[in-house]
Amino acid sequence: MSLQIMMQQLAGGMGTTILIFVLTLLFSLPLGLLIAFGRMSKNIVIRTLTKIYISLMRGTPLMLQLLVVYFGPYYIFGVNISSAYRAYAVIIAFSINYAAYFAEIYRGGIESMPKGQYEAAKVLGYTKAQTFFIIILPQVIKRILPSVTNEVITLVKDTSLAFSIAYAEMFTIAKSIAASQKSMIPFVAAAVFYYVFNFLVAALMEYWEKKLNYYH
Amino acid sequence: MKLLEMNHVKKSFDGNEVLKDISLSVEEGEVVSIIGPSGSGKSTLLRCATLLETMDDGDLYYSGDAAAKSVEQHAVYETGDKLRHIERQFGLVFQNFNLFPHFSVIKNIMDAPVRVQKRDKDEVRKEAVELLRKMGLSDRADYYPCQLSGGQKQRVSIARALAMNPKILFFDEPTSALDPELTGEILKVITELAKEKMTMVIVTHEMNFAKDVSDRMIFMDKGVIVEETTPKELFSSTNQRTREFLGKYHIE
């Protein structure tokens, strides 16, 4: 196999990896906020359920969760798994796992907000939704950005766990080429890819943090 | 006309009775100061009036409209649009300003009138610029709260409250977070508002200021109103508790 073909195949995997990354963030960031609300709910049933959910998601390996989401429908319900489901399983497992982590980050940020912000908003007549989305959330985002950056960087590397259900992302392809060609080059290429990807993610998040530094 | 009327207000926190049967009413154009030692219930009374706390029992009226009525010894609150209509009648200036740090000065003032009251943006801007001029902050419109001194922050928060065109404005210890030099600039602003016949209720520890600005003063202690009279009479009171409290201050 020529180097060019090797790189072409890896490039295809990179696209898939980026897609997992983007879709996971797209679903887990809003879902995490919803779960954070559940975690802070006055209703004890909702609060306890979300607490158990977060505990399970954080307390078991992501790879195991991925296998459960992928094989569960067949083993538990006897549903035949279509080949398209492999991609869905990856996004579902990653999203519900990361949502749990994001939920705790949101909760920490929301609970750190001074009561006075809510009171000022109430006296000025803002509705609860306006208070949250216009007054509270923008300030929460600034506070939690460093923690979110950590999670996002971990997610870039965690996408490689999709190899456990043989989903053809970057790492799965690198591993199979390395095995068939008895070559280290795919691993080196993969390492460079993850590193550059994370470098860009970190730079972007830092830029965003700086942009929000206009107030404190 | 009575802008604010509170009757037989009771409020406890964890069995600790903070307000014991308090009644208070404020006429249009009147300036009322509430003084008293810490823990006397004066801030709680203000927070009940501004709906930040719910009364256990009592009535609360704004311009004759009930926000809450006592029914079988429990305060029953209005809900929905009726309550929102009442909420629009008052403003509150906090001890810690509580400006929105992510909004510029001008946005702090303009956002609620535009977003909540749905007023025309250009018209609100004109009013906000005028309010800033009045507060001596014309050159600070595009600053952020973190770039201002405490006194400037408090003046912005007064402008923010005034931009809602409240009928009555409450101040909860507006100078307690400020050093003496900055205190003066806030008291000056409030004195100006008093001259313009703004109806105000002020919780304060600034005795000389309260004496000068108020039409009526209320001395509270341990959840009850000890005395309620003109500044002149309060400062020459024969009530032992009043004398004891005022004796701790140097009155000019």
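Trainee: Why is Val196(A) called partly exposed?

Mentor: Buried means under 20% relative accessible area and exposed over 50%, with partly exposed in between (1.4 Å probe, protein chains only). Val196(A) has a relative accessible area of 41%, so the residue is partly exposed. Keep in mind that this is a predicted model, where local features need pLDDT of at least 70 and side-chain atom pairs count only at pLDDT 80 or more. Residues are numbered from 1 along each chain as its sequence is written, and side-chain values use heavy atoms, without hydrogens and water.

Trainee: Where is Val196(A) placed in chain A?

Mentor: Val196(A) is in helix H8 (residues 185-211); helices are DSSP runs of H or I with at least four residues, numbered from the N terminus.

Trainee: What makes the pair of Tyr98(A) and Phe102(A) tilted?

Mentor: Rings of Phe, Tyr and Trp (its six-membered ring) pair if their centres lie within 6.5 Å; planes under 30 degrees apart count as stacked, over 60 as edge-to-face and the rest as tilted. By this rule there are 20 aromatic pairs over all chains. For Tyr98(A) and Phe102(A), the centres are 6.2 Å apart and the planes at 50°, so the pair is tilted.

Trainee: How do you know that Tyr98(A) counts as buried?

Mentor: Its relative accessibility is 2%, so Tyr98(A) counts as buried. Phe102(A), at 1%, is buried too.

Trainee: What makes Lys107(B) a charge over the ring of Phe103(B)?

Mentor: The rule asks for NZ of Lys or CZ of Arg within 6 Å of the ring centre and within 35 degrees of the ring normal. Lys107(B) lies over the face of Phe103(B), 4.5 Å from the ring centre.

Technical notes. Chains are lettered from A and ligands numbered from 1 in the order in which they are written. Helices (H or I, at least four residues) and strands (E, at least two) are DSSP runs, numbered from the N terminus.
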